[in-house]
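Here is a complex to look through. How do its descriptions follow from the values behind them?

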Amino acid sequence: MDDPCRQMQDLLAGRILGLLNEEQASVLNDHLSRCLKCRKYLQSLESENRLLVRFSENIETTMTVRRDRVIQALNRAGPTTRTEALPMWRTIMKSKITKLAVAAVVILIAIFSIILLDRSTTPAWAIEDAVEALDRIDAIYLSGTVPKLVPPEGPEVILEDEKISFEIWVKANKERTKSGNARFKLDNGKLIGVIYDMTTYSYDASAKTVLIETGQKLTIDPWISRELARQNRDFQVMYGKDPATGRHHALVTFVNSAQSTSFCVEYDVETKLPIRAKAWPNTRREGVPAMDCQRHVYFEELPDEFFKFEIPEGATVIDKRQD
Amino acid sequence: MNDRSDENLVAASCKGDKAAYTLLVKRYYKQVFIVCLGVVGNVQDAEDVAQEAMLKAFTEISRLRKGAQFGPWISRIAENLCINLVRRRQRAKRIITENVGQPNGTVARNESLQWAIGKLPLEMRLPLVMYYLDGQSVKVVAEKLDMSSSGVYLKLRTALNELHRLLTEHGETDG
C-alpha cells in the first residue's frame, strides 16, 4: 500500500466504527473514488467487521448456557466457609508504606512459630516461651517482597510477578506496646524514609523530593505480645533436608485466626533462625502469597542515632509538619 | 430482572444466601465473561476463568465493604485471575495462541477470527472484545476501562487494522 493509502487506513477503520466526522468522511470518499486498493481494503474491513459481529452474536446466544453452568456449580458447592473482612489486608492497598507495615505485622506473627522446632513442646507452652525470649528484642530488620497491586477491596486475587522489594529496621516504643522509630527502603530504593521522634521523613528518589509529616506513617501495632501469639493455631511441623545445602530444615505452617492469614515459615534447625517466611491472605495457603520475607535479623539493642534522617543533597523539601 | 439493589444482594450473599448470589451472577456474568475473553483471548479459557471468578467472589464476598461496588470488584477479580493464567502459560513457554494453533484455509473462519483475536496485544484486544460484545459503544467501553473515548477509539482503529493484517497473512479474508 502506498504512503497516502497508509494514511487512509485509520480513516477506513474509523468508517467501520462509524466515528468519522464530516470532513474526514469527505476526504476518505474523495480518496476511495480514485483508489482501487483502498476500496478493496475497505471491503476486507467490512467483511471482518461482519465476522466480528457474527462472532459476538454467537457468544451472546450461548451466554445464558454458560451463565447457567456457573449457577449449577454454585448450587453444587457445599456451604462455603466465608472469611471475615480483614482490616489488616485491606490497608495493603493504601500506600507503599502501609504495605510495609502490613508485611512487618505479618512477620511478627510468624515469629511465634520459632520455638516449635523443639519437638517435645506443645504450642501453648511454646508461645509463652517465645514471648519471653522475644521480650529481649529491641528491634528487627526484615527484607522481602510484597505485591505491587491488589484489588481495591482486598487481596482476593493477587497478581503474580508484580512485587515491590522492601527493607525495614523497626524498633519498639518505650512502652513496648507498638513500634516507634523506623527506617525503610522500598522498591529498590525508589522510596526511602525514616520515622524518628513521631515525625515521618520520606524521600521519593524519582521526584527528588523529601516529604516531612507529623506522626508515624508506619506503625506496627501491636508489638510482640501474648495476645498476638495466642491468635496462632493449627501448627504443623515437617522436618527435612535442604537439597541445596544438605542442612536440616523445618517447615512450620500455621494459621492466624484473627487476621485470617496462613503461614509457612522455613527454619534452619541448627541455628533455629528463620530462612524465609511466606503469608497468604486466607487460611488455606492458597494463591499468591501476600508477603514473602527472605531475611530477618533481631537486635537486642539498636541505638536511636541509627534512625536519624539526612536530607539528600539537591532534594526539594516539602514540610507538612503542623505547628 | 430482579430489582433488588446490588447492595441488598451482596448483604444477603454475605450471610450465605445462594439465591441472592445467583441474582448477582445473572446480573454480572456477561460483564465478567467479556473481561475474561478480552484478556485471555479465547472462549474456552474465558468461560473457565469467568466461572472461577464468580465462585471465588462468593466465598470472599464478605470482604467487599461497599455492596454497590460489586461490578468493578468482580471484574477486577476476573481480570487478575486471567492475567495470572496468561503469565503462568507464558512462563511455561506455552503462549496462549499456540494452544489454539495457527489456522489454515481449511479451518472454519470463526476459529481463524478467534486465533487472530488471541494474537492481538492485550491493550487492543480488551477494548475490541468489549466493543463488539457490549453494544458497540465507544463511550461504554471508555467508562468501563476508565479511558477517554478518543483513547478507546484509537485502540479500536488500530485493532481493526491489526486484525486485518493477521487474517490476510493467513489468507482468511475475503476482501
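The questions below take up confidence, then chain B, then a hairpin of chain A.

Q: What kind of model is this, and what ipTM and pTM does the predictor give the complex?
A: The model is predicted. The predictor gives the complex an ipTM of 0.82 and a pTM of 0.66.

Q: How do you know which elements of chain B have the lowest and the highest mean pLDDT?
A: pLDDT is the predictor's confidence in each residue, from 0 to 100. Among the elements of chain B, helix 5 (residues 96-100) has the lowest mean, 46. Helix 2 (residues 18-40) has the highest, 94. The pLDDT is below 50 over residues 94-101 of chain B, a stretch with 17 contacts beyond near neighbours in sequence. Residues 103-107 of chain B also stay under 50, and there the model has seven contacts beyond four places in sequence. For chain B as a whole the mean is 84, and 85% of the residues reach 70 or more.

Q: What secondary structure does chain B have?
A: Chain B has nine helices and zero strands. Its 175 residues include 45% that are buried. A residue counts as buried if 20 or more other C-beta atoms lie within 10 Å of its own.

Q: Why is strand 7 of chain A said to lie largely in the open?
A: Of the ten residues of strand 7 (residues 232-241) of chain A, the number buried is one, so the strand lies largely in the open.

Q: How do you know that strand 7 and strand 8 of chain A pair, and in which sense?
A: Pairing needs at least two bridges. Strand 7 and strand 8 (residues 248-256) of chain A have eight, so they pair, in the antiparallel sense. One of the bridge partners in strand 8 is Ala250(A), which goes with Tyr239(A). Six residues lie between the strands of this hairpin, where Gly246(A) takes a positive phi near 80 degrees.

Notes
Residues numbered from 1 in each chain as written. Chains lettered and ligands numbered in written order. Predicted model: local features only at pLDDT ≥ 70, side-chain atom pairs only at ≥ 80, totals over all residues. Buried ≥ 20, exposed ≤ 12 C-beta atoms within 10 Å, placed from the backbone. Helix = DSSP H or I, 4+ residues; strand = E, 2+ residues; numbered from the N terminus. Contact = placed C-beta atoms within 7 Å.
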